[in-house]
Amino acid sequence: MLTTTTEHLTRLMAWLSPTFPIGGYTYSHGIEYAVESGHVLNKADLVRWVEAILKHGAGQTDAVLFAAAYRAVKAGDEAALIWAAERADVLRGSSELALESTAQGTAFLWTVTNTWPPDGLPRWTAVLATTGRSPAHAVAVALVTACAGMPLEMALAGFMHSFAANLVSAGVRLVPLGQTDGQRAIAELDPIVHQAAARALDARIEDLGGRAPMIDWAAMSHETQYTRLFRS
């Protein structure tokens, strides 16, 4: 079992911070249309919507593939990393959700590579390059945290928390909600984040996939929304 160090903690906080330059603030994962259509009107609605994403949508799919990619790197299994990267690329409900994931993943890898790359990163980014696919955000973070020697449980929980917090931030601006209600929403989602991460650690290949049609519908509808603030 890997030991968590304070260096792991501060580095993970930096990599998953809203200030890390991957453009996460420009994506709403379809929440913009959910607000426009009246499905998300207050804090309780926002918490339920994000909870569904974490449990049944891209959040859970990404968590399973995060664990798979991380374990592939730690095992030195290039084929297993390619397998996870390919599925993370194609298991998206809409073109904008795909853009949301790959644009952030590409920016994340580029920034880490050019700032404080962990040992072994060039090998694994080269493996991803052989797929001809842009890396999904979950795979990119899994690869980097595995190279950095961070424990999987901590890295995955951190990634899921960051994902949920970014969606709440979008909701705060769109509904709109106050900053205090935004923090209340994140607090209510915290146990859901840990539950989703724990399920992903024990998941099988057969568990991949989502069952959140309303979320996919909102993301698809957002593509033709007349007035938009967000890219997804």
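Analyst: Gladly! Keep in mind that this is a predicted model. Let us start with two helices, α4 (residues 58–75) and α10 (residues 179–201), which pack with their axes 8 Å apart and at an angle of about 50°.

User: Which residues in α4 and α10 meet?

Analyst: From α4 come Q60, A63, V64, A67 and R71, and they meet A196, R199, A200 and L201 of α10. By type, the residues of this contact are six nonpolar, one polar and two charged.

User: What is the angle at which α9 and α10 pack?

Analyst: Here the angle is about 145°, and the axes are 8 Å apart. The crossing of α9 past α10 is right-handed. In this contact, residues of α9 including L152, L156, M160 and V172 meet residues of α10, among them I186, L189, V193 and L201. The contact of α9 with α10 divides into 16 nonpolar residues, four polar and two charged.

User: Which residues touch the most other members of the largest nonpolar core?

Analyst: That core has 78 residues, and those touching the most other members are L54, F66, L81, F108, L143, L156 and M160. Helix α9 (residues 152–174) supplies the largest share of the core, 14 residues. Take L156 as an example: leaving out residues up to four places away in sequence, L156 touches A63, F66, A197, A200 and L201.

User: How do you know that L121 is buried?

Analyst: Buried means under 20% relative accessible area. L121 has a relative accessible area of 2%, so L121 is buried. This residue is found in helix α7 (residues 121–129). Beyond its neighbours within four places in sequence, L121 is in contact with L109, V112, T113, L143, V144 and C147. One of these contacts, L143, is 22 residues from L121 in sequence, with 7.8 Å between their C-alpha atoms.

User: And Q104, is that residue buried or exposed?

Analyst: Set its relative accessible area of 9% against the cut-off of under 20% for buried, and Q104 is therefore buried. Q104 lies in helix α6 (residues 95–113). Not counting residues up to four places away in sequence, Q104 touches I22, G24, Y27, L99 and H137.

User: What is the phi value of H29?

Analyst: Phi of H29 is near 60°, which is positive, and this residue is not glycine. H29 sits in the loop between α1 (6–15) and α2 (31–36).

User: What makes H29 count as buried?

Analyst: Again the cut-off is under 20%. The relative accessible area of H29 is 3%, so H29 is buried.

User: Which residues are joined by a cis peptide bond?

Analyst: V175 and P176 are joined that way, with omega about -10°. P176 has its place in the loop between α9 and α10.

Conventions. Residues are numbered from 1 along each chain as its sequence is written. This is a predicted model: local features need pLDDT of at least 70, side-chain atom pairs count only at pLDDT 80 or more; totals for chains, interfaces and linings use all residues. Side-chain values use heavy atoms; hydrogens and water are left out. Axes are lines fitted to C-alpha atoms, for helices over the stretch in contact, and angles run from 0 to 180 degrees between N-to-C directions. Helices (H or I, at least four residues) and strands (E, at least two) are DSSP runs, numbered from the N terminus. Contact means heavy atoms within 4.5 Å. Ala, Val, Leu, Ile, Met, Phe, Trp, Tyr, Cys and Pro count as nonpolar, Asp, Glu, Lys and Arg as charged, and the others, Gly among them, as polar. A nonpolar core is a set of buried Ala, Val, Leu, Ile, Met, Phe, Trp, Tyr and Cys residues joined through side-chain atoms within 4.5 Å. Buried means under 20% relative accessible area, exposed over 50%, partly exposed in between (1.4 Å probe, protein chains only). A crossing is left-handed if the near helix is turned anticlockwise from the far one by less than a right angle, and right-handed if clockwise.
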